[in-house]
Every structure is written in structure tokens, then in C-alpha cells.
Amino acid sequence: MSNKITGAEALIKSLIAEGVDRVFGYPGGAIIPVYDKLYDYTSQLKHILVRHEQGATHAAQGYARVSGRTGVVIVTSGPAATNVITGLSDALMDSTPMVVITGQVASSFLGSDAFQETDVVGITQPITKWAYQIRRPEDISWAVARAFYIAQSGRPGPVVLDLAKDAQTGLTEWVHKKCTYIRSYIPYPRIKAEDVQAVAKLINESQRPMLISGHGVMISGAEKELANLAEKADIPVTSTLLGLSTIPSAHPLYKGMLGMHGNIGPNVNTNRCDLLIAVGMRFDDRVTGDTTKYARQAKIVHIDIDSSEFDKNIKTDATIHGDAREALSLLLPLVKEAKHNEWLETFARCDEVEQEKVVKREVFPESGPMNMGEVAYKVSKATGDRAILVTDVGQNQMFSSRYFRYTEPRSIVTSGGLGTMGFGLPAAIGAKMGAPDRTVCFFTGDGGLQMTIQELGTILEYGTDVKIILLNNNFLGNVRQWQLLFFNGRFSQTPMINPDFVQIANAYGIKAENVETREQLDGAIQRMLDHNGAYLLNVNIDPTDMIFPMTPAGAAVDTIMLNASEKFDPQQIK
Amino acid sequence: MEKQLFTVTVFSENQVGLLNQISIIFTRRGLNIESLSVSPSSIEGIHKFTITCFSDRETMEKVVKQIEKRIDVLKSFLYTDDEIVYQEIALYKVPTDKLLDEKNLEIIIRRHNARILEITREYTVIEKSGHSDETEALFEELKRYDIRQFVRSGRVAITKSPIEYVTMFIEEQARRREEGITE
């Protein structure tokens, strides 16, 4: 009597053994044996049927980002595998743990241009942490265990398992053993005591230190350690886009977001601080602007788990290679208590300018058409600043992330590195499934929503309670803004003729309403939040609304436009 | 930044697709691989890639770190020529009748420290190992005999350092495993 099972069943049992209880996917020819077995395991492994494979990856990303668990995707071969490419690339850029299982033609057909065959491992190697083809059923458990270990340890990232059809149908004995060691891979490097001492010394000697909290702080769960360090040494904390919510917006030491559309204080003071302590971030060009004019006056400390980030974009003076939480805990006792009142005061002066020149006009206009910023601000407020913000990409992303306020960790899901339009809707679905007790507010534009709008079908099928705020200006707004500012106002291919989004939502059984005027806004937001279930607000936005402040691409970080014609003068805060 | 020839060595597990993973890191930055050779290393089960590339140090240091980031790569190193002992091998196929007309064949072979691997009525195969400039010098000299085929291997290299970093890395990893510091 043999106790062998099929490879398909081995896959499902291995996934369950790795703690997976939910997968996002779409069936097809080369993965049917797995779906057939899934039929027997639906009580242990819930399958979310998306409407396009790209949606499965972004949903898995949203799920992973809010829960810290690995998102899992199952799709078939060929076109399904090529449809997950965007999600893989996005997950690699934004360090998101994800395991994607693609079906593959039977191993005897490999390389023969068989129906729905594509070289998945070859295509995905540059955009995954690991990509592996399984050709034998007996390798499934080993590969799944290794995939989960790699995806979620160290700097997380996406893994692809390309599963040949005969490996799914073949028989194997199944014993699952978790992977905790790979000889060639050190996910959590030992932190060197002398590195910590060197950094502590720099902090203790500095007069104008500034902390940057990145996504790595969220991934390692170092929110408390970051705040402890900041409070002890009285260091202002700034955040990257993906680092938002690692420190509450209302924390007295939180001084705002960095980057092209970040707050004035953090960007200007990047070039005025004497010490920059970057934790779990990678000096993306949207943060640094011109690297030759970036924080030249400051010593740079970089704390990261991925040593290939050190000196990649910005030369460092000291580094700590390791987990952010561990590094910050080790630093805390070595750092002296300090006060930096005068230095902190300069942020407040920047904020005053920003309030006066940007926020007032954007968030508290007295007349005229609605702005994106005021909608984001009001939605955040109506949720008690407790919602998870999911964004698409573009102006909607920048406005909502700027004017949302954060009280809890893991409250933002956005496509930072890759900037994937169409990311938002499926990511919001995944986020709601990963954090069912929290309100999920998804801000999108009329462009991005239509890139993955088919996922309204997923909302319909699973009754996912996602609040969709469509900032509709009938324009590809961010490109329009660049065209206006830098391309002589030639709006090449940015105006859009749009459908009736309320009717579309209704067709999918989603409640929706048009918000035409400012007077309707508060009531509509309340109805949306009070409604038990998905809801779409189609908000009529002024197409001329532009996102400011803005550091133009390639300019120095402290070159800041306050509006289309006025620049910030750093002398104002001297 | 000043460009020069660098030698990159990579030690990896014996896994399918490693070469692609390594080469695309060069491709992404638009770097041309000058030569490449893959072979077993002195450590059982571990493969060694020797890659030469013409670039500046800063770029190459980033490339090496990104190579080392690949899961199945144990270690990667960057060297300049003065830090390694290196060698290439070249083969030359020359018509035998032309060679036989040469009165100084012995001198050429001796001076270049080359040797003859095979002689048939039609052709002769000469082998020469050395640095690129040495194998090129012989090529120049044999040109007048109408070289029919020429091939030169990728560079192979061994470090001059007395410390064997890969062995140390493997021992350190084995200790970690024993101590249970795996996560």
C-alpha cells in the first residue's frame, strides 16, 4: 500500500504546512491538476478568483503589506505567467513577500514552443528574489519550503515556482520540512558592535541630526524602537512614501514625508542637517533628486539589511548591516539624551510656509471646484485617521498619502518603486482580506482605475468591503501636470473620455454616487463609510489641480516649487 | 572615473540558471563581459565563475554586491590584475604546408613557449597559454601563415592573497547552522 500522493496535492499540503490559508489565482490548462486538488481542500485553503492574473499579484501584495504574511498566487503557464510580471517587478522593488506558482507545460515539452509555454524562469530571474522550475513531484515540498523562507526572510521579495504539469500529476511521498537555512544566503546578518558604536558616536556628536524612516522599519516591526531612539536623542523623524505610518503623524517628532512631493521641512533640512540617519530605505531618486547636491554637508548613516544598498546611490560615512529593529535596539543604550529645540524649530517654520502657500489653497479652499487634497484630508478625518490607505499611482497617490494621517502601523499600501498604475484596486482587495477589521480606503484616478477595473468583479464575488474614492478629473493628471510645467502645456494624449463610473460600479453590485460639488462631499463620505460593503465615490475634481510642493525630477532636493510660478526660498527659515 | 579591466570571481552552488542570473546584472548596466569561464572550484559542489569586464571601480563594486545578493551565490570578489595570478589559453590552426616553408618555426615556437598539439597533412594546431598580450603576439607572428582558426579561452585566475575567503565563509555558515542561528 503506497502512501504516495500527486504533486498537485503535495503542493497544496506544502502551502498549508507553510501557514497559507488564502491564495489569489486564476485557473488554466497547465495548472488544472492543482485546481482539481484544491477542490478537496477549500476548507483549509481559500482561493480568491481574481479577474486577471495581474490582479492576483497586486492583491497578494496588498494582503502581504498590511499583514506581514507572504502573499500567494497560483496561475497557469504562458500568458498567465507573463501577466504576473508587473506584480513580480513591483514586489521586488517594494520588498514585498510573495510566492507565485505558475503552471508549466510537461517537462518533456520544455523548450519545444508547446502551447502556452513560456520561459518563465528566464523571464522572471531579473525581477524575483528566486525563480525555480520544478520538474519532479518529489521536489515540490523542498521548493515550496525554500520559496517561503526566501520570500519572507531578510529583505523580503517575490519568488516564482514554475511547476511542470507532469510534476503535478506524478506521485510522490510527502513529508514537509520547513526551510531555515540556505548555505549561500544570510538573511539576518550579525550586527557588528563596532558599527553600532561608530553610529552612536556620530549621533552623540551631531547638532542637527535627522532620521529617515523607510519601509524597512515597517517590515522589521521597528516602529517602537525608532520612536524610542528619536525621543531619547530628540531627533526629528522624516519618512519615505513607503515608510509612512511607521510613526504616528501626530508624534511631536514626526516632521513629514520626503521626496518629490514630500513636505518642505524634511526636504530642505536634508541639505541643512549635519547627520542623516537612514533606516530601511534605499535613497531612491524620487527621494534624493540630484545626488550630487544631496546632503553634501551631512554625515550619512545607513542602516539596512541589504548591504548592496550601501553606497549604491549615496555615499555613506557609516553603516549598520542588519535588521532595523535589532540595530535600533542596540543603538538606544549608546545614544545620549539630547535636546535640539532650535533645530526642530526650523521644521516648524517650513511647515508654516507650506500651510500658507500650499495646504491652505489645496485643502481648505473657499470656492471653486474640488481639489484632490481636500477629499483625502476629509476622508482620513472621517475615519478617525485609522483607515488603511491604498493608492493607485499618480496625483491621487501623492495627494492621498500627503493628506492622510496615520495612527497605526502598516496603514499605507502603495506602489512606490515601480509606480504601477492599476496597482490600487486589486491591492485594496488584498489589503481588506489581510486586515478585515480595518477600514480600507482606496484612492485612485480615472486612468489607473481603468487599468484593472475588471477586479470590481472580484469585489462582487467576495463582497469585499473596499471604499473606493475616485478622484476623477478626466485627465491623466500627473502627466498633465508635467506637460503644463515642463512641456509648454501641450496636453498630448492626457485628456480622457470616461464612462459613467457609477453605472459601472452598480453593474457590479457596488453602491456608488457622483460627488459633483463641495457641498455634497461630507455627506457622501459619511454614507460611504456608514455603508456595510464596497462603495464608490466618483468625485468630480478640478483638472487643473496640481500636486505641490514639487522638486522637479533631477533637481536638488531643496529646489522646491510651491506652485507653478513660485519657488521656496530656504533663506526664509534661516 | 577611470576605467580598467577588472576580474570578478563568483562562487556559487551548482544550480541551473546561475549564469543567466549573473550575466543579466552586467546587461542591466550595459556592461560588456570581456571573457567568462565557469569551472568547479577547489571546494566540492561549488562552482567558480571568472569574469573580466572593463569598467570603473565604483560600478564594479556595485555589480559584485548585486551578484552576491543572488540566493545561490556564496561569495563574489573584485580584483585588479596585480591581485591575481591569471592565465588564458589560445589555439591556432595553421595550414601545415605554409608552416613547413618556414625556416624559423622552431624559433617561433620556442620564443613564445608554445607547443604543437596536432599535425596533419592539411593543418597544424598550436597551443599557447599566457596573458592576452602574449597570445596576441603569437597571433601576429602566425598571421603570415594564414591562420584558419583562432580561439582564446576566458581568463582563469587565482588570488595572491593567503586568506581563502570562501572556505572561511563556508566554515562560518556551518558554525551558524550548528549554533542554530539560522533565521
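This is a predicted model: local features need pLDDT of at least 70, side-chain atom pairs count only at pLDDT 80 or more; totals for chains, interfaces and linings use all residues.
**Exercise 1: a peptide bond**

Work out whether the peptide bond from A:Phe548 to A:Pro549 is cis or trans, and locate A:Pro549.

*Solution.* Look at omega first: for the bond from A:Phe548 to A:Pro549 it is near 0°, and the bond is cis. Then find the spot: A:Pro549 belongs to the segment after strand E20 (535-540) of chain A.

**Exercise 2: two helices**

Describe how helix H3 (residues 53-67) and helix H5 (residues 85-93) of chain A pack.

*Solution.* Step one is the geometry: the two helices pack at an angle of about 25°, and their axes are 7 Å apart. Step two is to name the arrangement: angles under 35 degrees count as roughly parallel, so H3(A) is roughly parallel to H5(A). Step three is to see who touches whom: from H3(A) come A:Gln54, A:Thr57, A:His58 and A:Gln61, and they meet A:Thr86, A:Gly87, A:Asp90 and A:Ala91 in H5(A). Last, sort this contact by class, and you get one nonpolar, six polar and one charged residues.

**Exercise 3: where the chains meet**

Build up a picture of the interface of chain B and chain A, from its area to its residues.

*Solution.* Begin with size. The size of an interface is often given as the accessible area lost when the parts come together. Here, the area buried between chain B and chain A is about 2600 Å², and carbon and sulfur atoms give 46% of that. In residues, 27 of chain B are in contact with 29 of chain A.

Next come the interactions. Five salt bridges are found across the interface. A:Arg146 forms a salt bridge with B:Asp72, with the closest N and O atoms 2.8 Å apart. There are also 17 residue pairs in polar contact across the interface.

Finally, look at chain B's side. The elements giving two or more residues to it are helix H1 (18-28), helix H2 (57-68), strand E4 (73-79) and helix H6 (165-179) of chain B. H6(B) gives the most, with eight residues. By class, this side divides into nine nonpolar, seven polar and 11 charged residues.

Conventions. Residues are numbered from 1 along each chain as its sequence is written. Chains are lettered from A and ligands numbered from 1 in the order in which they are written. Side-chain values use heavy atoms; hydrogens and water are left out. Axes are lines fitted to C-alpha atoms, for helices over the stretch in contact, and angles run from 0 to 180 degrees between N-to-C directions. Helices (H or I, at least four residues) and strands (E, at least two) are DSSP runs, numbered from the N terminus. Angles under 35 degrees count as roughly parallel, over 145 as roughly antiparallel, 65 to 115 as roughly perpendicular and the rest as oblique. Contact means heavy atoms within 4.5 Å. Ala, Val, Leu, Ile, Met, Phe, Trp, Tyr, Cys and Pro count as nonpolar, Asp, Glu, Lys and Arg as charged, and the others, Gly among them, as polar. Buried area is the accessible area (1.4 Å probe) that two parts lose on being put together, summed over both. A salt bridge is a side-chain nitrogen of Lys or Arg within 4 Å of a carboxyl oxygen of Asp or Glu. A polar contact is a pair of N or O atoms within 3.5 Å; within protein, one must be able to donate a hydrogen and the other to accept it, and residues adjacent in sequence count only if both atoms are side-chain atoms.
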